[in-house]
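Please look over the sequence and the structure shown here before reading the briefing, which is arranged by topic.

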Amino acid sequence: MRTVTEINDKINRRCAVVWTVEELKARVLTAGVTRIAKEVDVITTGTFEPMESSGAIINLGQTDPPIKIRRCWLDGIPAYAGFGAVDLYLGATGAVEALDGEEGRERGGGHVIEDLIANKPVQLRAIGQVTDCYPRPSFETIITRETINQFYLFNPRNLYQNFIVGVNGGDRPLFTYLGPLQPRLGNAVYSNPGAISPLLNDPDLQLLGVGTRIFLGGGIGYVAWEGTQHFPLQKRLPNRTPVGPAATLALIGDAKQMNPRWVRGCYFKSYGPSLMLGVGVAMPVLHEEVIARCAVQDQDLVAPVVDFSIPRRVRPTFGLVSYAQLKSGRIAIDGKSVRVAPLASLFLSRQVALELKQWIEAGTFTLTEPVAPIPMDRSFLPQDRWGAQMTLD
Amino acid sequence: MPVTYRLAKDFNVAANIIRAAVAPNQIGKLVLELAGDIDQLDAAIDWMRSQNIGVSLALGEILIDEDTCVHCGLCTGVCPTEALTLNPETLRLTFTRSRCIVCEQCIPTCPVQAISTNL
């Protein structure tokens with residue numbers, strides 16, 4: 001029907017037809033898949049949600065005399081330094097190392113990444129290993145994104161294809177990566193934005209792969225690899241969407257181009273810091289099936305309701321609920337009506353898709369053919385004594 | 001006069017001192033958050049007035065920093081009165097102040113620390 005090259009030609013001539021996935025879903029309902037497939041060239045999707053398996057690679061540029069950094073803190077948050085002499089990796093969930101008697105502040109690596117992107121100054125303290133090549137034992141300075149060489153996000157696990165719904169069936173409040181869960185099924189939290197989420201609109205990852213250009217944190221990024229815990233063999237519905245956490249992607253992108261509107265440090269009470277990130281994926285309409293997949297609605301997507309009161313790897317579930325139920329604000333569990341809140345920002349997810357649409361319409365973002373496919377046959381290997389494979393049924 | 005001691009001992013009212021400016025031989029000012037049985041709160045306030053203590057009331061209010069909020073909606077799940085909701089059309093956080101009972105459960109829930117009280 002169309003090739004990526006033909007679509008890019010239209011983008012460069014500013015005549016590509018670009019719709020957000022929400023516009024597409026609405027129009028398919030009235031006009032049908034075949035007619036719509038002839039009309040639209042590109043569909044944009046977006047999400048804005050906490051993605052804690054994220055972090056930044058930073059290169060400082062050598063000091064004189066030079067230093068081989070072995071331990072390093074950015075605004076008091078430890079950064080990994082076990083590689084090149086002045087290369088650092090600052091993880092999103094790294095927390096402030098509180099001094100004796102000091103209360104741990106609600107601040108972590110995600111906040112420092114946001115501050116650097118916002119061009120705010122960040123204090124750096126480093127301890128080196130003295131060698132003949134690198135005689136300097138320690139170093140302290142203030143850095144900004146303008147005074148460091150490379151500063152790019154390299155996120156091992158982003159863009160989860162579906163996730164879970166958290167509840168607490170126990171009798172004490174729990175503080176989780178989904179926020180506070182109140183006892184006796186007091187509330188429920190879901191974290192995937194459902195039908196607008198990028199990978200639920202391309203369930204078999206046919207339209208993207210290694211090298212695919214994306215919107216990452218307000219700048220341009222790329223799919224680097226399959227993500228950690230990538231589990232494409234998750235059980236799937238007839239529409240090919242998974243019934244729980246499935247595919248993930250590792251993403252990379254220049255943080256110096258990013259915008260703090262789309263990269264936000266966050267903190268979950270009594271759990272720790274994290275990073276909220278806006279990610280957008282543009283789908284080329286290569287054939288009718290692309291439209292059929294992107295037409296999926298919230299009532300056709302499900303997630304498992306998981307009880308966090310049992311702190312085990314495989315927690316008991318209360319069955320599956322649809323995203324249409326979740327977005328109604330209430331779900332029924334064991335006959336009880338439970339309030340549900342999202343954790344992904346549906347508002348900012350929509351804004352990501354709109355912004356990406358504007359980039360494509362303006363000709364500043366073109367599509368890419370994947371360099372290599374994302375493997376779709378990875379099973380999930382837990383670290384159990386028995387070494388058993390998990391099948392997440 | 002040990003005001004907060006009397007409030008606790010005579011009225012079983014807990015007084016959380018939010019601000020205090022008290023100096024010898026001057027009129028002092030205390031900002032207190034009072035918690036207790038509603039009748040005993042009234043009695044405690046009447047007693048303070050009878051002691052020539054000027055009492056003015058300020059109700060706590062929830063404040064939402066629009067520039068910080070990311071409209072994730074996590075707070076809507078813990079709000080017992082549904083004062084905090086997501087607008088189904090715009091998907092933005094909506095705060096209906098008249099429904100808010102200032103239980104403050106939303107404050108620690110907010111992952112970007114956009115919610116506070118005026119006290």
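Predicted model: local features only at pLDDT ≥ 70, side-chain atom pairs only at ≥ 80, totals over all residues.

Residues are numbered from 1 along each chain as its sequence is written, and chains are lettered from A and ligands numbered from 1 in the order in which they are written.

**Domains of chain A**

- The domain assignment of chain A gives domain 1 (4-52 + 157-361) and domain 2 (61-148), with bounds that come from an automatic or database domain assignment.
- The C-alpha centres of domain 1 and domain 2 of chain A lie 33 Å apart.
- In chain A, 14 residues of domain 1 are in contact with 14 residues of domain 2, where contact requires that the C-beta atoms of two residues, placed from the backbone, lie within 7 Å.
- On the domain 1 side of this boundary, the elements that give two or more residues are E17 and strand E18 (272-284) of chain A, and E17(A) gives the most, with five residues; helices (H or I, at least four residues) and strands (E, at least two) are DSSP runs, numbered from the N terminus.
- By class, the side of domain 1 of chain A that touches domain 2 of chain A has eight nonpolar, three polar and three charged residues, where Ala, Val, Leu, Ile, Met, Phe, Trp, Tyr, Cys and Pro count as nonpolar, Asp, Glu, Lys and Arg as charged, and the others, Gly among them, as polar.

- Four strands of chain A form an open, antiparallel sheet in the order E5-E4-E7-E8, two strands being paired if DSSP finds at least two bridges between them.
- Its edge strands are E5 (77-79) and E8 (138-143) of chain A, each of which pairs on one side only.
- Strand E7 (residues 122-128) of chain A is joined to E8(A) by six bridges, and A:Arg125 stands opposite A:Glu140 in E8(A).
- Helix H4(A) lies across strand E4 (69-74), E5 and E7 of chain A, running at about 120° to E7(A); axes are lines fitted to C-alpha atoms, for helices over the stretch in contact, and angles run from 0 to 180 degrees between N-to-C directions.

**A:Ile113 in helix H4**

- A:Ile113, which lies in helix H4 (residues 109-117) of chain A, is buried, with 32 other C-beta atoms within 10 Å; a residue is buried if 20 or more other C-beta atoms, placed from the backbone, lie within 10 Å of its own.
- Not counting residues up to four places away in sequence, A:Ile113 touches A:Ala56, A:Leu90, A:Ala92, A:Val263, A:Gly265 and A:Leu275.

**The six-stranded sheet**

- A second open sheet in chain A has six strands in the order E20-E19-E10-E13-E22-E21, with mixed pairing.
- Strands E20 (317-322) and E21 (330-333) of chain A stand at the edges, each with a single partner strand, so one side of each is left without a neighbour in the sheet.
- Strand E10 (residues 165-167) and strand E19 (residues 302-307) of chain A pair in the parallel sense over three bridges, and the bridge partner of A:Gly166 in E19(A) is A:Val306.

**Contact with chain B**

- Chain A has 26 residues in contact with 16 residues of chain B, and the elements of chain A that give two or more residues to its side include strand E2 (42-50), strand E22 (336-342) and helix H7 (346-361).
- By class, that side of chain A has 17 nonpolar, four polar and five charged residues.

How values were computed
Buried ≥ 20, exposed ≤ 12 C-beta atoms within 10 Å, placed from the backbone.
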